[in-house]
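Subject: Structure for you, with notes on what was found

Dear colleague,

I would be glad if you could read them with the structure open.

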Amino acid sequence: MNQLVIAPLLVALMTAILTLVVRRFPNVQRGVSLLGGIAYVVSVAALWTEIDPLGASNVIAYQVGNWKAPFGITLVADSLSMFMLALSAVVSLAALAFSVQYVDEFGQRLSYHPLYHFMLVGVTGAFLTGDVFNLFVWFEVMLMSSYVLVVFYSGPQHTRAALQYVVLNLIGSAVMLLAIGGIYATTGTLNMAQLAERLATGSENIAQLPVLGLSALLFTVFALKSGIAPFQFWVPAAYRAAPAPVSAMLAGVVKKVGIYAIIRLYFTVFAGLTIPGGLTLPGLSGNSALAFFGPVLFVMASASILLGGIGAVGRDDVDGLLAFSSIGQVGFIVLPLAIAATVPEVRILGITAALIYSLNHALAKGLLFLASGSVFSAVGTDRFADLGGLTRKTPVLSGIFFVGALSLIGIPPLSGFFGKFLVFRVAGDAGATLALAVALAGAILTIAYFSRAWNRAFWGPESSMVEQGGTPTGIVVLGALAALVLLVGIGFDPVYLAAESAARAATEPQTYINAVLGGAGK
């Protein structure tokens with residue numbers, strides 16, 4: 001059933017249009033938006049059963065308009081794209097259900113829900129697209145919606161953050177388009193399957209060195225979109241300015257689109273690219289492009305972990321801490337990818353670790369941003385100086401925040417334990433002592449900044465603002481998401497199998513090529 005591939009995209013698009021039509025009727029809009037979110041989860045679940053990542057692990061290619069690849073628009077679903085879609089479906093539904101209670105009626109009239117669903121359209125398209133140009137298109141759909149959502153409250157702080165966010169991403173988009181044009185001029189195709197095939201066969205018509213340079217240019221764009229150091233400077237302001245459910249989506253889902261693009265393009269498409277003359281850096285050898293990108297990824301991951309962790313320790317508000325924490329946590333996602341690119345023997349394990357850490361970060365950080373929004377709705381502030389005693393005032397909300405913090409720290413049996421354990425395991429199996437040291441330093445910093453947040457905002461004497469505060473928003477949604485963080489950890493085996501299947505899909509381009517170009521897909 002190839003048509004199932006387009007179902008999540010159509011559901012998200014139709015929901016965006018319908019919520020725009022009924023935006024003058026807030027209650028109707030809320031209902032349509034929530035039903036659309038549920039329908040999106042159902043469509044992703046239906047596609048999951050068709051792909052069967054825990055079993056046969058099929059690859060399904062859908063040719064839009066029945067124009068055959070590589071000439072038409074191709075949508076491709078495999079274990080990797082399904083893992084990311086499942087992650088997005090869960091977080092987006094939780095953030096949407098929270099939004100229904102959190103965003104006031106005026107915000108509803110300002111097209112919050114259409115913008116939210118258009119952002120989800122872009123995310124879905126990016127995970128399913130089969131060519132590099134349409135990856136750019138879906139990036140833009142996603143980012144245009146997020147631009148407005150970041151400036152949603154329209155204050156000076158929000159406008160400044162949105163302006164920085166827009167300018168940087170517009171520059172990134174221009175660079176991305178330039179790199180894509182260069183790749184097409186050099187290789188004669190932008191279809192991912194055909195591009196992977198041509199690079200793997202070492203076609204004499206393709207100059208390898210220019211493609212390497214263009215792929216490096218493209219890589220900087222994905223690093224910018226993911227907020228990896230040294231392109232992390234837009235993250236704190238944007239995350240603090242956006243409404244809490246939008247911050248949950250930006251950190252939990254939108255960032256993962258850049259991570260997905262790195263995995264898909266550099267481990268599937270550009271993996272066959274060779275460096276003329278080979279690589280002769282100290283301790284490294286080989287002629288694979290991955291041997292070039294591995295050290296670069298390692299430096300960026302290490303800088304993200306340390307800069308994000310140190311920045312989070314010094315914050316004086318919950319949102320600021322979570323924003324800087326996101327920089328550090330994305331470093332933990334990229335670190336095993338760097339090792340996987342450099343050491344082929346642990347490639348599958350490295351990508352698996354990155355995917356599992358991405359899942360935990362999406363769930364736990366999404367939970368924490370929503371919890372921060374709930375604190376703000378009840379108390380009217382998220383500054384540590386004005387908080388204190390939340391454990392006595394709102395014990396359930398405090399417990400939920402504690403679960404999210406413990407998961408990011410990596411305490412068993414929560415989902416975060418397995419993500420962090422696998423990062424250490426990849427570094428240990430590869431003999432990467434420096435990577436182990438960086439990961440350990442990052443883990444210590446994570447404990448430090450969450451301990452500080454707990455002691456100042458939740459523990460201690462009850463502040464006057466907390467004492468006079470109201471009822472927190474969205475406790476049921478937060479409780480369900482916290483329970484999911486625990487359940488993923490307890491029932492970890494199928495999660496690991498799905499992530500491992502996704503890693504194999506990323507590193508076995510021939511199956512992908514056959515499905516798109518050879519008609520071998522189901």
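Ser374 touches Phe98, Leu397, Pro472, Thr473, Ile475 and Leu478, when residues up to four places away in sequence are not counted and contact is taken as heavy atoms within 4.5 Å. The residue lies in helix H14, where helices (H or I, at least four residues) and strands (E, at least two) are DSSP runs numbered from the N terminus. Ser374 counts as buried because its relative accessibility is 0%; buried means under 20% relative accessible area, exposed over 50%, and partly exposed in between, with a 1.4 Å probe and protein chains only.

Before going further, please note that this is a predicted model, in which local features need pLDDT of at least 70 and side-chain atom pairs count only at pLDDT 80 or more, while totals for chains, interfaces and linings use all residues. Residues are numbered from 1 along each chain as its sequence is written, and side-chain values use heavy atoms, with hydrogens and water left out.

Another serine, Ser247, is found in helix H11, and it counts as buried because its relative accessibility is 1%. Leaving out residues up to four places away in sequence, Ser247 touches Tyr239, Ala242 and Phe369.

Ala69 sits in the loop between strand S1 (60-63) and strand S2 (74-77), and at 14% relative accessibility it counts as buried. Apart from neighbours within four places in sequence, Ala69 is in contact with Gln63, Thr74, Asn191, Val516 and Leu517. Ala69 and Ala89 are 20 residues apart along the chain, and their C-alpha atoms are separated by 28 Å.

Turning to helix H16 (residues 395-409), Gly399 lies in it and is partly exposed, with a relative accessible area of 33%. From C-alpha to C-alpha, Gly399 is 49 Å from Asn514, a residue 115 places away in sequence. H16 itself has 15 residues and reaches 21 Å from its first C-alpha to its last, close to the 21 Å expected at 1.5 Å a residue, the expected span being 1.5 Å times one less than the number of residues. The buried residues of H16 include Leu397, Ser398, Ile400 and Phe401, and what covers the buried residues of this helix includes helix H13 (318-342), H14, helix H15 (390-393), helix H17 (415-429), H18 and H20. Just after H16, Gly410 takes a positive phi of about 105 degrees.

Helix H18 (residues 433-458) has 26 residues and reaches 37 Å from its first C-alpha to its last, close to the 38 Å expected at 1.5 Å a residue. Just after H18, Gly460 takes a positive phi of about 85 degrees.

A pocket here is an open set of points on a 1 Å grid over the protein atoms alone, where a 1.4 Å probe fits, with protein on both sides within 12 Å along at least five of seven lines, and lining residues have an atom within 4 Å of a point. Grid points are joined across faces, edges and corners, and the volume is the space filled by probe spheres set on the points. Of the 29 residues that line the largest pocket, Tyr102, Tyr153, His158, Arg240 and Phe376 are the closest to its centre. H14 provides the largest share of this lining, 5 residues. By class, the lining of the largest pocket has 13 nonpolar, 9 polar and 7 charged residues, where Ala, Val, Leu, Ile, Met, Phe, Trp, Tyr, Cys and Pro count as nonpolar, Asp, Glu, Lys and Arg as charged, and the others, Gly among them, as polar.

The second largest pocket has about 390 Å³ of space. Of the 17 residues that line the second largest pocket, the closest to its centre are Trp48, Ala86, Leu87, Val90 and Leu359. H3 gives the most to this lining, with 5 residues, and the lining divides into 17 nonpolar, no polar and no charged residues.

Finally, the largest nonpolar core has 193 residues, and those with the most contacts inside it are Leu218, Phe222, Leu265, Tyr266 and Phe270; such a core is a set of buried Ala, Val, Leu, Ile, Met, Phe, Trp, Tyr and Cys residues joined through side-chain atoms within 4.5 Å. The largest share of this core, 19 residues, comes from H14.

With best wishes
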